[in-house]
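Trainee: I'm new to this one. Could you walk me through how to read it?

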Amino acid sequence: MFVLFEEAGKFLAGRILSEADSSLQVELDSGKRVKLKAANALLKFEKPAPAALISAGQKLSEEIELDLAWEFASEEEFSFADLARDYFSADPSKAASTEQQAAALFRLFEAPHYFRRAGKGRFKKAPAEILQQALVAIEKKKQVIAQISAWAEELGRGECPAAIREQLYKILFKPDKNSPEYKAVVEASRATHKAPLDLLQQAGAIASPYQFHWKRFLFENFPKGTGFPAVQAPAAKDELPLAEAQAFSIDDSSTTEIDDALSVQGLGSGQIILGIHIAAPGLAVLPGSPIDLLGRARLSTVYMPGYKLTMLPDEVVQTYTLQEGRNCPALSLYVTLDEATLAITATNTRLELVPIVSNLRHDKLDSVFTEEFFDAAHATPPAAVQWGLELSFLHRLARHLKAQREVVRGKPENFNRPDYNFSLDNPSGKEPEGNERVSITIRKRGSPLDLIVAEAMILANSTWGEWLAEHSVPGIYRSQASLAPGVKVRMGTKALPHAGIGVKSYAWSTSPLRRYTDLVNQWQIIACVKNGRTAALVAPFKPKDTELFSIISSFDGAYSAYNGFQAGIERYWTLKYIQQNALTELTATAFKDNLVRADDLPLVLPAAGAQGLPRGARVRIKLGAIDEITLDVSGTVIERLDAVVDEAAAEQVDEEDNESEMAAGPISIAVDMSMDEPAADAVVTAPQS
């Protein structure tokens with residue numbers, strides 16, 4: 001005796017070995033033995049053999065017309081045997097054959113829209129209106145399946161359907177895995193045995209590598225677009241006094257968000273007053289205001305070669321940028337110093353209007369204000385050079401401040417690697433297309449003007465950070481517990497030491513037009529200026545304010561994403577520069593595993609033959625093919641350029657390893673190509689209701 005049964009959604013048949021009141025022992029054709037509940041036994045039969053019954057039942061079930069079966073079916077609950085008799089038998093008094101009963105069972109199970117299940121082997125036909133709705137849905141699903149197949153065929157032929165092109169970034173990075181566009185890509189990828197990204201690229205979905213990187217970034221970070229709504233920049237309501245200082249800024253020519261300026265008073269008097277003047281949008285852009293919400297949504301300016309997305313609308317930037325020829329609202333830190341010893345004797349913070357006399361530009365003045373210029377200035381003050389006296393004092397002070405920090409830090413700061421400036425032939429200033437001519441120039445890191453600005457900003461950020469703590473007003477701080485390997489810089493609300501910089505505390509406060517954290521800290525500092533020791537009662541953010549922690553979390557994520565994009569798009573332009581200048585070889589320095597860093601370009605890449613080389617070894621490499629989508633290029637070491645590694649250079653490689661531009665890796669996409677494995681003993685799978 002044999003039995004047909006259903007278990008865990010599968011139909012199986014086998015020989016009955018033994019039978020009790022509530023269970024059966026059954027042996028399947030595979031030899032596997034199972035214990036079956038008696039309630040799960042649907043059909044007992046003597047012939048044909050189990051496999052033959054399954055085969056015959058499946059074949060015969062295809063001949064059952066569901067519409068006709070639905071008409072035949074009783075309005076009351078019925079069994080599959082009842083339907084088989086009514087459908088197949090001319091004589092209602094005679095039962096249907098075993099094969100016909102099996103066929104009816106299989107057909108009923110695969111048509112839940114016609115017949116709902118009412119128990120083991122029992123059914124009830126669906127109401128007419130429900131059936132019609134189900135049939136419409138099934139027809140729609142068939143059309144969707146047909147559309148998926150058609151799109152997949154187009155992709156396989158190297159053509160990209162418009163619907164897939166429009167949803168390219170959603171399909172690749174944040175897909176709805178039930179969407180037909182996504183399923184078409186998966187189906188085509190499986191059919192052609194091509195990786196989804198390769199498939200789409202060959203089908204023309206990715207017309208421009210640059211646009212691929214740019215649109216992907218926008219999709220992930222600016223899904224609602226990059227434009228700002230029409231806004232009017234608010235004016236500061238405070239009546240601000242006019243400062244006596246005459247200030248100047250130092251930035252690149254491309255900088256429009258001029259956050260900081262400097263002034264020097266009292267040269268030759270024995271007592272110097274250094275002014276560090278920071279643009280003060282926080283006087284008018286108040287927490288919770290419409291413009292604040294725009295800044296908080298963006299959190300930082302996004303930089304890239306030839307273009308940028310500002311944190312704040314241009315109307316606000318132009319109102320509060322420290323533009324030369326204007327008296328600008330500013331938050332000023334005045335530092336009183338002994339001119340001879342450079343000892344700080346007092347600090348004072350004010351809100352005021354600061355006359356901005358000059359906007360100095362790095363690219364025009366770096367060649368003038370060199371180390372040699374400042375060395376000579378110690379002997380002969382450069383009175384004939386505009387700002388020469390002020391910059392000479394500031395350079396002397398910057399070196400002094402840096403030396404003091406290095407004592408706390410425990411070792412010198414060494415930045416031998418240069419900074420790189422990218423310039424695109426893009427006169428319109430609009431979004432780059434990706435095929436512009438690019439030039440890459442080197443600017444030595446830590447140049448005198450860089451040093452002056454950097455040390456002044458460190459002084460302001462550390463001074464204001466301690467000042468906030470003294471007033472029990474929370475701020476957003478950056479801290480680092482030590483310089484031990486693996487100890488990272490953290491953001492928090494407590495004034496903790498920053499070992500990497502060598503200061504007691506460090507609160508970003510000097511770029512409020514470009515970083516949201518700085519704008520938040522400016523609000524807190526303004527509260528201290530206006531309210532003194534009672535500032536903690538009226539500051540926008542109170543101690544342990546959850547809103548402050550939320551800002552830190554959001555900023556961390558956005559800032560990391562923006563920096564990652566900037567690094568990637570700069571790598572794109574570096575590879576473009578290599579192509580445009582037909583470079584086939586580069587000199588480089590080995591620094592980790594098989595990775596090397598180009599000596600004259602901001603490029604890290606893997607190089608065959610670099611394995612086992614000591615850190616700091618200099619080599620010549622031959623470049624391989626460039627992939628502009630993955631931003632990948634490899635090289636091969638063709639010559640060792642030094643016999644012995646420069647130990648100082650090797651130490652420098654170790655120190656700067658954490659900030660290296662990593663070599664490109666595979667792009668992580670969200671298209672899942674995995675397929676379900678069929679179960680070993682499944683003969684017929686029962687659809688899920």
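Mentor: Let's start with aromatic pairs: rings of Phe, Tyr and Trp (its six-membered ring) pair if their centres lie within 6.5 Å; planes under 30 degrees apart count as stacked, over 60 as edge-to-face and the rest as tilted. Here, Phe11, Phe78, Phe106, Phe109, Tyr114, Phe115 and Phe123 form one aromatic cluster. This is a predicted model, where local features need pLDDT of at least 70, side-chain atom pairs count only at pLDDT 80 or more, and totals for chains, interfaces and linings use all residues. Residues are numbered from 1 along each chain as its sequence is written, and side-chain values use heavy atoms, with hydrogens and water left out.

Trainee: How many aromatic pairs does the structure hold?

Mentor: There are 30 aromatic pairs. Take tryptophan 214 and tyrosine 307: this pair is edge-to-face because the ring centres are 6.1 Å apart and the planes sit at 90 degrees. Helices (H or I, at least four residues) and strands (E, at least two) are DSSP runs, numbered from the N terminus. Tryptophan 214 is in helix α10 (residues 209–221) and tyrosine 307 in strand β13 (residues 307–309), so the pair ties together parts 93 residues apart in sequence.

Trainee: Is tryptophan 214 buried or exposed?

Mentor: Buried means under 20% relative accessible area, exposed over 50%, and partly exposed in between (1.4 Å probe, protein chains only). Tryptophan 214 has 1% relative accessibility, so it counts as buried. Tyrosine 307, at 22%, is partly exposed. Then there's a tilted pair, phenylalanine 217 with phenylalanine 222, at 5.8 Å centre to centre and 55 degrees between the planes. Both phenylalanine 217 and phenylalanine 222 are buried.

Trainee: Which side chains make polar contacts with the side chain of aspartate 518?

Mentor: A polar contact is a pair of N or O atoms within 3.5 Å; within protein, one must be able to donate a hydrogen and the other to accept it, and residues adjacent in sequence count only if both atoms are side-chain atoms. The aspartate 518 side chain makes one with the side chain of arginine 515 at 2.8 Å, and another with that of threonine 517 at 3.0 Å. Aspartate 518 lies in helix α17 (residues 516–531) and is buried, with a relative accessible area of 0%.

Trainee: And what about the whole chain?

Mentor: The protein chain has 20 helices and 25 strands. Of its 689 residues, 47% count as buried. Along its principal axes, the C-alpha trace spans about 125 × 65 × 50 Å.
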